[in-house]
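Please open the model in your viewer and keep the selection tool at hand. This tour goes from one selection to the next and says what is found at each stop.

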2 protein chains.
Amino acid sequence: MSNLKVLPLLEPEAPEAVVPCCPPLTERPFTAEEAERTARMFKALGDPVRLRLFSAVASHAGGEACVCDISDVGVSQPTVSHHLKKLREAGLLTSERRGTWVYYRVEPSVVAALGKMLGNLG
Amino acid sequence: MSNLKVLPLLEPEAPEAVVPCCPPLTERPFTAEEAERTARMFKALGDPVRLRLFSAVASHAGGEACVCDISDVGVSQPTVSHHLKKLREAGLLTSERRGTWVYYRVEPSVVAALGKMLGNLG
């Protein structure tokens, strides 16, 4: 037995609270608040470079990637980092620093909620 | 028998060709071309007013609505028309003029393709 407390050295970077939203599109018109929240996510995906990066993270081995893994989209590494941060702020990615690199992972509940919202129209 | 040709008085406003896109996000990184095409749709949904209007059309009785039906989102009728046109240009809505009004309808194949692309991450 020991009194030593194990302190986590690598705190995950907590994303802002993002609650998956909203009812299926066919159910009823969105309220202003729902639209505000959801449009933020769509806006984050509404940039071609950001969408490529998002699909690169989503399809990467293990479901996560760092900037070092996905810098082949024709923009500089700082630009990649900037876009990944935007996706994280929109609640679509989570991130965790491990050593030198920040690893990004798709937030499945949020993305699935978007998919569900759209998917019932087919 | 008659030689008279029936000319359609009310031609549907043909949307630009929009092919539903792309592979599920987890499959592989999007190409630049796929990202360009898909980001256009997300960008159209990335505005709160536009998203409210989109959900208003999608949830309206009969699956279609004209500007006259959905002008309760706090913006002027010309602004509503402008946003609906943007959604149409992105391939998310189709439109048809009937008499005085243009009726908008959600393009289910396109929206379902977006949903499918996102929905497999849950």
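The stops below begin with the two chains together and then move to single residues.

Before selecting anything, note that this is a predicted model, in which local features need pLDDT of at least 70 and side-chain atom pairs count only at pLDDT 80 or more, while totals for chains, interfaces and linings use all residues. Residues are numbered from 1 along each chain as its sequence is written, chains are lettered from A and ligands numbered from 1 in the order in which they are written, and side-chain values use heavy atoms, with hydrogens and water left out.

**Stop 1: the two chains**

Colour chain A and chain B separately, and ask by what turn chain B can be laid on chain A. A turn of 180 degrees with a shift of 0.0 Å along the axis does it, giving an RMSD of 0.0 Å, where the copies are superposed by least squares on the C-alpha atoms of residues with pLDDT of at least 70 in both. This is the relation of a two-fold axis. To find the axis from the side of chain B, select Gly115(B), whose C-alpha is the nearest to it in that chain, at 2.1 Å.

**Stop 2: the interface**

Now select the residues of each chain that are in contact with the other chain (heavy atoms within 4.5 Å): 35 residues of chain B meet 35 residues of chain A. Because 100% of the interface residues of chain B are also interface residues in chain A, the copies meet through the same surface. The chains bury about 2,800 Å² between them, 77% of it on carbon and sulfur atoms; buried area here is the accessible area (1.4 Å probe) that two parts lose on being put together, summed over both.

Which helix of chain B gives the largest share of the side that touches chain A? Helix 1 of chain B does, with eight residues; helices are DSSP runs (H or I, at least four residues), as strands are (E, at least two), numbered from the N terminus.

**Stop 3**

Side chains of opposite charge can pair when their charged atoms come close.

Arg98(A) lies in strand 3 (residues 93-98) and Glu64(A) in strand 2 (residues 64-66) of chain A, so the pair ties together parts that are 34 residues apart in sequence.

Is Glu34(A) buried or exposed? Glu34(A) is buried at 11% relative accessibility, whereas Arg28(A) is partly exposed at 32%; buried means under 20% relative accessible area, exposed over 50%, and partly exposed in between (1.4 Å probe, protein chains only).

**Stop 4: Arg50(B) in helix 2**

Finally, move to chain B and select Arg50(B), which lies in helix 2 and is buried at 13% relative accessibility. Leaving out residues up to four places away in sequence, Arg50(B) touches Lys43(B), Ala44(B), His83(B), Lys86(B) and Leu87(B). Of these, Lys86(B) is 36 residues from Arg50(B) along the chain, with their C-alpha atoms separated by 8.5 Å.
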